[in-house]
Amino acid sequence: MSSPETPEPDPRLVPPREPSASEVLGSALGAAARRAGLDPAQEASTGHVVWRAMGGWRGVVESVLPSLLFVVVYTVTTELVLSLVVSVGVAAVFTVIRLLQKSPPSAAIGGLIAASVAAILALITGNPSDNFVPGLLTNAGYGLAMLVSALIGWPIIGLAAGYLLGEGTAWRADRRKRRTYFWLTIAWAGLFAARLAVQLPIYLSSLDPANRESAVALLGTLKIAMGLPLFAPLIAVTWLTVRAVHARSGAGRAAREDTASE
């Protein structure tokens, strides 16, 4: 006497699998990259992608102008409060304009928050160079996150690219992709480390009141010079490399399928 077959469970009654931490992080990184215009699956020129990632002219101005005005006003007047008011005021104007135009305000709001925190810190300490401390901490945090993720085998660039291209974490089974994403992530860690290595000693020198005015001017100049001018080329390299490694992977997979079908 044969036993009755076990009925298949109703898929509607099976609880969904909880996503892993890597899946959640990769999905968030991929979504952020897509909002910034970095989607390797799209057919777009490298220049267009980089320009969009920078936010266009508006993004460039919003990124550069608050720091530039702070340095210029402080260098001319040596008035800390006035310099901070001008810097934060410009960031606030950018945010209001975006809200009135109903355009995505996230970049401007982020800039306003950063400028406000930096201003409060500088006012508390009385050291104008403390206006650059949040930027130093941001570079340290991003650089450390990039470095650690690469060293433990889960490079952040790979997590973002995997979800942008709809393969999740399957890229980890491909040695070429693992190696590529490792070195791209190391390159980004190197960018943040370079900013910190150059700017931190200048900030530390500003703790001596005799060096503060020169340190403010130099820190502001370096922040701008090591910002978008370094960010843009690395975005381009990352974009081109990710597309190339996936193009080679797709071509290799198609060739193997053709051979197997013969």
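Is Leu 151 buried or exposed?

1. Leu 151 is exposed, at 59% relative accessible area; exposed means over 50%, buried under 20% and partly exposed in between, with a 1.4 Å probe and protein chains only. Leu 151 sits in helix 6.

2. A word on the basis. This is a predicted model, in which local features need pLDDT of at least 70, side-chain atom pairs count only at pLDDT 80 or more, and totals for chains, interfaces and linings use all residues. Residues are numbered from 1 along each chain as its sequence is written, and side-chain values use heavy atoms, leaving out hydrogens and water.

3. The protein chain contains ten helices and zero strands (DSSP runs numbered from the N terminus: H or I of at least four residues for helices, E of at least two for strands). Of its 262 residues, 36% are buried.

4. Asn 139 also belongs to helix 6, which covers residues 133-151. In contrast to Leu 151, which is exposed, Asn 139 is buried, with a relative accessible area of 9%.

5. Leaving aside residues up to four places away in sequence, Asn 139 touches Phe 192 and Arg 195 (contact means heavy atoms within 4.5 Å). With Arg 195 there is also a side-chain to side-chain polar contact at 3.2 Å; such a contact is a pair of N or O atoms within 3.5 Å, and within protein one must be able to donate a hydrogen and the other to accept it, while residues adjacent in sequence count only if both atoms are side-chain atoms.
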